[in-house]
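Please keep the model open while reading.

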Amino acid sequence: MFLTYIDRQLVRGYLKAYVGFFACMVSLWIVVDLFTNLDDFTHRKSGLKEIGMHVLLHYGYRTPYIFDQICEAIVLLAAMFTVAWMQRNNELLPLLSAGVSTRRVVAPVLLGACALLSLAALNQELLIPRVSARLFQPRDDPDGDKDIEVQGAADPNGVHLEGRWASRKHRIIKDFHCVIPPDVAGDLITIGAKEARYLPPGDGPHTGGWLLTGAQPADLPKWDNPALLEMIDPGKYFLHTSEVDFDMLTRARNWFQFASTSRLHAELQRADPTRLAPIAVLFHMRLTRPILGIILVFLGLSVILRDQNRNIFVSAGLCLIICAVFFGACFTCRSLGSNEYLSPAFAAWLPVMVFGPVSIAMFDAVHT
């Protein structure tokens with residue numbers, strides 16, 4: 001019963017520390033980013049109320065992304081603070097004198113860390129993909145008034161689509177071009193249009209594709225495949241596509257950073273090899289992320305517990321150094337994999353293979 005009470009106290013203290021560090025770190029991130037980019041928030045807004053609403057919406061949607069970037073650090077800091085506070089209040093020594101091992105004492109903290117690391121996975125798979133479009137919106141253009149660049153993309157049938165500029169507000173591609181390959185059309189066909197508007201799938205005949213206006217050539221007399229390209233009027237066509245929509249053509253180059261793991265896997269199955277290595281590395285790192293989070297917690301607690309007579313500030317400094325080395329190694333491996341110096345799987349699993357045995361050895365060396 002005594003140990004059960006101590007367990008509850010540790011879990012309660014850990015949760016308090018976690019909430020405190022979460023609030024502090026997210027607030028610090030927002031304050032620094034806000035004052036660094038204050039001109040962008042006030043550029044197209046007039047009035048304190050309008051600016052305030054813009055700031056609240058911007059950072060409200062960005063909070064899941066901020067949490068995604070610092071979730072492992074929060075878990076580690078909360079665990080370090082809980083154990084260090086226990087040492088500071090001399091609560092650990094009586095338990096050790098009663099024959100309770102150090103590993104048993106910190107077991108609730110480790111279990112709490114594992115449980116809270118699962119929040120990062122839920123946030124990554126459920127929340128961030130839902131707000132990904134908002135995460136790419138510029139601070140100074142919340143309403144989509146500015147034109148944005150267009151990235152080329154290919155539909156599964158081989159039809160290639162591209163454009164020069166796009167209006168996010170009106171969802172229109174300007175200076176649109178599409179290339180229909182010979183194996184689909186019997187001959188290479190290139191169509192240019194002043195504007196192309198994407199119409200999502202619906203009940204009407206002209207849905208699930210692109211409405212082209214001001215197109216050249218204005219007529220295709222030998223064309224006989226209306227299921228792919230239908231001429232409505234001279235210079236006006238409807239191009240049916242199965243996957244290439246407005247969002248795909250206008251997404252940023254690093255769009256996959258905010259995609260779910262299942263979406264990354266589906267993207268890797270596509271024939272289009274564009275940015276395949278970065279996507280593959282990110283996919284494998286999604287699999288290793290929970291393991292790396294647990295390894296980081298073991299490393300931090302091992303430093304705190306290995307020498308209980310060491311000054312707590314020295315232990316915290318050593319732990320921060322280990323964290324810097326840890327995150328630096330992970331970032332280096334990711335860069336090497338994205339630039340194809342290492343295979344994607346090896347780049348993602350290399351930090352686990354390096355720091356995993358080290359964390360086990362350090363935790364095993366803790367005095368019990």
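## Nonpolar cores

This is a predicted model. Its largest nonpolar core holds 47 residues. Y14, V75, L301 and F326 have the most contacts inside this core. Seen by element, two or more residues each come from α1 (2-36), α3 (48-88), α4 (92-97), α6 (107-135), α10 (276-306), α11 (312-338) and α12 (344-364). The largest share, 12 residues, belongs to α3.

Neighbours within four places in sequence aside, L301 is in contact with A79, M80, V83, V109 and L110. Another core lies apart from the largest one. This other core has 27 residues, including I173, I180, A193 and L212.

## Aromatic pairs

The structure contains 12 aromatic pairs. One of them joins W255 and F256, edge-to-face. The centres are 6.1 Å apart, with 85° between the planes. W255 counts as buried because its relative accessibility is 12%, under the 20% cut-off. F256 is buried too, at 1%.

F326 and F327 form an edge-to-face pair as well. F326 is buried, at 3% relative accessibility. F327 has 36%, so it counts as partly exposed.

## Ring cluster and charge

Ring pairs also build a cluster, linking W29, Y65, F136 and F258.

R251 lies over the face of the W255 ring, 3.8 Å from the ring centre.

Conventions:
Residues numbered from 1 in each chain as written. Predicted model: local features only at pLDDT ≥ 70, side-chain atom pairs only at ≥ 80, totals over all residues. Heavy atoms only, no water. Core = buried A, V, L, I, M, F, W, Y, C linked by side-chain atoms within 4.5 Å. Buried < 20%, exposed > 50% of the residue type's maximum accessible area, 1.4 Å probe, protein only. Helix = DSSP H or I, 4+ residues; strand = E, 2+ residues; numbered from the N terminus. Contact = heavy atoms within 4.5 Å. Phe/Tyr/Trp six-rings, centres within 6.5 Å; stacked < 30°, edge-to-face > 60°. Lys NZ or Arg CZ within 6 Å of the ring centre and 35° of its normal.
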